[in-house]
Amino acid sequence: MGNPKAFLTIHRKEAGYRPIHDRIHDFGEVEQTLNSNDRRLQASRCMDCGVPFCHWACPLGNKAPEWNDALYKGDWELAYRLLNSTNDFPEFTGRICPALCEKACVLNLVEHEPTTNREDECAITEHAFQEDYVRVEHPERNGKHVCVVGAGPAGLVAANRLNHMGYEVVVMEKNESAGGLLRFGIPNFKLNKAVIDRRIALLEEEGIKFKYNTPVDVEHLPEGFDAYVVSTGTPTARDLKIPGRELKGVYFALELLSQQNRVLAGMEFKKDELVNAKGKDVLVIGGGDTGSDCIGTAHRQGCKSVTQIEIMPRPVEGPDDPKNPWPNWPRTLKTTSSHEEGCTRRWNINSLEFLGDKNGKLTGVRVQEITWKPNPEGGRPLMEPVGKPEIIKCEMVLLAMGFLRPEQPKFADNVFVAGDAANGASLVVRAMASGKKIAADIDKFLSK
């Protein structure tokens with residue numbers, strides 16, 4: 001390493017977010033950037049550990065010590081080449097990855113100031129695009145054809161890898177654009193969709209063919225291909241089937257998020273089709289990242305207030321998690337940029353009934369505070385009520401309780417399932433790692 005003792009004198013410095021009073025009025029990316037000198041200083045903090053737990057924690061196996069060293073030394077092109085060798089689309093993960101590598105960083109164990117790998121990753125990639133280090137490649141074709149069903153992160157990585165191996169790749173996507181949840185689930189204030197468009201344009205230039213508005217029945221795959229990748233994600237959201245579910249004002253989270261992203265892309269909707277939080281008290285049911293995205297979107301639409309409830313207990317404050325110690329991911333309380341913008345957060349709350357007026361419009365939700373008791377028979381803890389039910393006033397409910405794992409039929413030997421379609425809902429970086437593995441599996445299968 002260029003400066004193996006930098007971590008002793010240089011503290012972790014994050015770029016931070018735009019001011020709240022500024023960012024809640026638009027859908028521009030909330031995260032700021034450091035200047036190139038500060039970014040290189042942050043890269044110098046990487047210690048080139050004998051056992052790089054960051055590499056172990058990253059589903060893609062990113063070699064953070066190598067590209068951080070190149071960044072510190074000012075060799076941005078080498079940094080990008082090292083990063084891109086394991087990560088097909090670091091401009092995505094550099095913005096939205098929870099950075100498992102940082103939680104496994106030795107500096108996180110010792111000082112709770114891990115290397116800023118995620119921000120470094122994003123900076124390296126943006127610099128690479130600006131300096132034309134990202135070059136178009138035209139691989140020599142091997143005469144074999146692969147169909148990728150679904151243009152989410154897993155499908156895109158599989159398509160990219162297979163294309164570079166020489167396969168003719170066709171991606172069939174049911175929606176009007178590529179990206180999957182990157183485009184239709186993650187708000188623009190976390191990932192500007194121009195970043196996706198830039199990458200898709202490059203993939204097309206390299207020879208990948210995209211067919212949009214083309215739904216595919218995976219039990220009747222199109223003919224004429226040597227192999228198939230099924231990367232259709234987890235399309236079914238977990239519902240909350242309690243009394244009053246039919247009331248006007250109860251929506252799945254993606255009904256809000258995907259529509260808002262489409263509106264920003266120029267699509268128009270009728271007034272009675274709009275899912276909009278303007279002037280409303282909003283209740284988000286579900287405490288994960290999707291719920292957080294709903295909070296930020298509701299603020300930008302001009303909501304009156306936002307409350308987020310979660311049925312599970314409040315996580316520990318951190319930074320350490322005694323039940324899940326380093327280098328594993330700590331299940332500690334997470335406060336996102338959207339939470340900072342204003343939100344009442346409550347845990348151990350069970351929803352009993354949606355309440356409405358005589359016109360069928362939502363007016364509130366009857367909820368019950370609960371506690372969890374150990375199950376004497378083992379297994380899932382038992383839920384017990386605490387006190388009396390109460391009513392949370394709201395005109396909009398957003399269900400952000402995750403997605404159901406899809407059940408896949410028995411496929412032929414030349415059909416490979418990737419990403420969330422295979423493993424259930426998870427992180428974008430894990431979907432990308434799955435696409436990477438599936439591409440290698442297909443190449444091995446077709447090379448027999």
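**Figure 1. Close-up of N163 and its neighbours.** N163 touches P139, R141, V169, E206, G207 and I208, leaving aside residues up to four places away in sequence. A contact here means heavy atoms within 4.5 Å. The model is predicted: local features need pLDDT of at least 70, side-chain atom pairs count only at pLDDT 80 or more, and totals for chains, interfaces and linings use all residues. Residues are numbered from 1 along each chain as its sequence is written, and side-chain values use heavy atoms, with hydrogens and water left out. N163 lies in helix α11, residues 153–164. Helices (H or I, at least four residues) and strands (E, at least two) are DSSP runs, numbered from the N terminus. Is N163 buried or exposed? N163 is buried, because its relative accessible area is 0%. Buried means under 20% relative accessible area, exposed over 50%, and partly exposed in between (1.4 Å probe, protein chains only). The N163 side chain also reaches the backbone oxygen of E206, at 3.2 Å.

**Figure 2. Close-up of E341 and its contacts.** E341 sits in the loop between α16 and β8 (344–347). E341 is buried, with a relative accessible area of 9%. Which residues does E341 touch, not counting those up to four places away in sequence? They are I20, R23, I24, G296, H299 and R300. I24 is 317 residues from E341 along the chain, yet the C-alpha atoms of the two are separated by 7.5 Å.

**Figure 3. Close-up of two cis peptide bonds.** Most residues other than glycine have a negative phi, and most peptide bonds are trans. The bond joining G318 and P319 is cis, with omega about 10 degrees. P319 belongs to the loop between β7 (305–310) and α16 (337–340). The peptide bond from W326 to P327 is cis as well, with omega near 5 degrees. P327 is placed in the loop between β7 and α16.

Figure 4. D48 is not a glycine, but its phi is positive, at about 50 degrees. Where is D48 found? D48 is in the loop between α3 (36–44) and α4 (53–57). D48 is partly exposed, with a relative accessible area of 40%.

Figure 5. H112 is not a glycine either, and has a positive phi of about 55 degrees. The loop that holds H112 runs between α9 (106–110) and α10 (117–130). With a relative accessible area of 32%, H112 is partly exposed.

**Figure 6. The chain around these views.** The protein chain has 18 helices and 14 strands. Its C-alpha atoms fill a box of roughly 65 × 60 × 50 Å, taken along the principal axes. A compact globule of 448 residues would have a radius of gyration near 22 Å, and the chain, at 23 Å, agrees. That radius is taken over C-alpha atoms, and the globule rule is 2.2 Å times the number of residues to the power 0.38. Of the 448 residues, 50% count as buried. Among contacts between residues at least 6 apart in sequence, 71% join residues at least 24 apart.

Technical notes. A polar contact is a pair of N or O atoms within 3.5 Å; within protein, one must be able to donate a hydrogen and the other to accept it, and residues adjacent in sequence count only if both atoms are side-chain atoms.
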